[in-house]
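Dear colleague,

Please find below the structure that I am handing over to you. My notes on what was found in it follow directly after.

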Amino acid sequence: MRKQANPNDEYRVKPVKKIELSEKHLKLRIVIFIISAAAAMFFIIFGIVQCSNVDSGFAQISSNFNLYDRDFTLMYNLGTKDNPNDDHKNVISLYDQALSHAYPLFDSGVDYDGINNMKYINDHPNTDIVVSPTLYKAFKQVEGYDTRILYQAPIHSLYLSMFLQNDDDSEYQYDPRNPEVLDWIQSYLVYTNDDTKIHINLKENNTVELFVSKDYLEFAKDNGAPFIDFTYLTNAFLIDIIADTLITNGYTRGYISSCDGYFRSLSGLDSYTYSIGDKIEKGYLNACQMEIQSGIRGVCYRAYDLYPHARKRYYILSDGTVRSLYIDEATGISMNSCQTMMFYSPNETIVDIVLKTNKYYINTIIDEEGINSLSNSIKTIYVTNYKVYYNDDITLKNLFDNGEIKYEGVKIS
């Protein structure tokens with residue numbers, strides 16, 4: 001179980017006065033009581049049945065673990081083949097199963113009883129630890145790429161603190177435009193980007209060791225930040241796990257997305273409409289829409305927070321400069337090549353798509369040649385200067401045009 005405080009005992013039942021009952025008309029009272037109890041039971045059962053009934057068609061599915069699913073939207077087409085109530089119950093059960101298994105594993109900030117998760121690994125460097133096959137597989141997947149994202153956790157923690165600030169003066173104490181902060185970032189990069197200072201050893205039988213050098217341990221001992229974290233890859237892993245759990249159990253008529261831009265259409269869904277946004281001076285708008293086909297999965301990188309009610313993932317300075325978790329590994333500086341850039345594929349996992357494409361978004365320019373080199377397996381859409389560029393055989397729908405602002409679709413090859 002997750003370690004957490006007990007809820008406040010806020011609501012208490014008021015004392016009830018003791019009342020003497022008359023024995024007159026006792027039989028009548030008993031009959032009335034039985035009738036009343038039967039009526040009450042009828043309405044309770046009727047209410048339960050009514051509440052459990054769901055209509056056929058698309059419905060948003062909520063997990064019973066509402067802390068775990070706060071980043072996700074799962075939509076499912078209930079009752080196209082089976083009873084919608086059965087679909088609803090079973091999809092919730094599978095959703096719960098996937099989240100309750102995977103979410104604690106990737107949590108680098110909270111201990112869970114009996115689970116060797118990211119927090120446990122961070123707290124026990126230079127120790128052999130047996131982990132879940134799910135977590136072991138995640139380490140293995142990231143290991144296959146030339147990236148140090150796993151070890152950038154201290155810098156990502158700095159940015160997460162930055163996002164909580166309400167004004168530029170407060171934000172300055174966490175921002176690399178502050179020379180002291182930049183020095184702090186650069187001093188960390190000496191360790192985070194050096195494989196001899198920190199790395200994950202993957203051993204047999206789902207055993208891992210977080211190796212941290214003595215000098216890095218000494219340097220980091222007063223900081224409190226984790227050594228490793230999957231950071232913005234976490235929700236990509238979770239969506240893939242949730243989707244695979246549903247598909248394996250025969251539930252394929254839906255799609256799932258996250259507030260940080262990941263999306264996946266399950267294999268039995270014909271298509272659904274996806275809105276592609278753009279940031280403008282006074283907020284953001286939907287530049288156009290596209291049809292996401294069956295089995296498509298991907299990422300939509302954004303330089304703006306589309307879901308302000310969710311955990312904050314951005315800070316935008318008064319001059320329009322965007323700070324996000326998309327940081328350059330060499331410098332620790334957040335950057336984006338445009339406001340919106342989407343990559344998607346019918347074959348790759350979301351995690352693989354991100355690890356193959358993040359360098360095109362975390363950039364100061366749009367690398368059109370590099371983006372097009374992906375086109376055999378991964379397709380692209382990006383938005384800049386009121387133009388929507390795409391390299392897939394699709395038709396963009398509902399291009400925004402209000403007389404003042406007009407978007408144009410541009411096919412690239």
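Predicted model: local features only at pLDDT ≥ 70, side-chain atom pairs only at ≥ 80, totals over all residues.

In which hand, left-handed or right-handed, does H2 pass H9? The crossing of H2 with H9 is right-handed (a crossing is left-handed if the near helix is turned anticlockwise from the far one by less than a right angle, and right-handed if clockwise). Helices (H or I, at least four residues) and strands (E, at least two) are DSSP runs, numbered from the N terminus.

Residues are numbered from 1 along each chain as its sequence is written, and side-chain values use heavy atoms, with hydrogens and water left out.

**The pairing of H2 and H9**

The axes of H2 (residues 84–106) and H9 (residues 234–248) come within 9 Å and cross at roughly 145°. Axes here are lines fitted to C-alpha atoms, for helices over the stretch in contact, and angles run from 0 to 180 degrees between N-to-C directions. On the H2 side the contact (heavy atoms within 4.5 Å) is made by Val91, Leu94, Tyr95, Gln97, Ala98, Leu99, Ala102, Tyr103 and Phe106. H9 contributes Thr234, Phe237, Leu238, Ile241, Ile242, Thr245 and Leu246. By class, 13 of these residues are nonpolar, three are polar and none is charged. In this classification Ala, Val, Leu, Ile, Met, Phe, Trp, Tyr, Cys and Pro count as nonpolar, Asp, Glu, Lys and Arg as charged, and the others, Gly among them, as polar.

**Overall composition and cores**

The secondary structure of the chain comes to eleven helices and 16 strands. Of its 413 residues, 46% count as buried (buried means under 20% relative accessible area, exposed over 50%, partly exposed in between, with a 1.4 Å probe and protein chains only). Among contacts with a separation of 6 or more, 63% join residues 24 or more positions apart.

The largest nonpolar core has 93 residues. Such a core is a set of buried Ala, Val, Leu, Ile, Met, Phe, Trp, Tyr and Cys residues joined through side-chain atoms within 4.5 Å. Phe106, Ile121, Phe139, Ile228, Phe230, Leu233 and Phe343 touch the most other members. H2 gives the most to this core, with ten residues. A second, separate core of 24 residues includes Leu269, Tyr272, Val388 and Leu396.

Phe139 also belongs to H4 (residues 133–143), where the buried residues are Leu135, Tyr136, Ala138, Phe139, Gln141 and Val142. Their cover includes H2, H3 (118–123), S4 (198–202), S5 (207–212), H9 and H10 (350–361). Leaving aside its neighbours within four places in sequence, Phe139 is in contact with Met118, Ile121, Leu150, Ile200, Leu202, Val208, Ile228 and Phe230.

**Individual positions**

Lys197 lies in the loop between H7 (179–192) and S4, and is partly exposed at 21% relative accessibility. Not counting residues up to four places away in sequence, Lys197 touches Val190, Tyr191, Phe211, Val212, Ser213, Asp215 and Tyr216. The C-alpha atoms of Lys197 and Phe211, 14 residues apart along the chain, are separated by 7.6 Å. Val190 lies in H7 and is exposed, at 52% relative accessibility. Between the C-alpha atoms of Val190 and Tyr216, 26 residues apart along the chain, the separation is 9.4 Å.

Ser257, in S6 (residues 254–258), is buried with a relative accessible area of 15%. Its contacts, not counting residues up to four places away in sequence, are Asp71, Phe72, Thr73, Ile239, Tyr262 and Phe263.

Thr231 is placed in the loop between H8 (214–220) and H9 and is buried, with a relative accessible area of 12%. Asn398 lies in the loop between S15 (387–390) and S16 (408–411) and is exposed, with a relative accessible area of 55%.

**Cysteines**

The structure holds zero disulfides (a disulfide is a pair of cysteine sulfur atoms within 2.5 Å). The sulfur of Cys300 is 9.2 Å from the closest cysteine sulfur, in Cys338, too far for a bond. Cys300 is buried at 2% relative accessibility, and Cys259 is buried at 8%.

Yours sincerely
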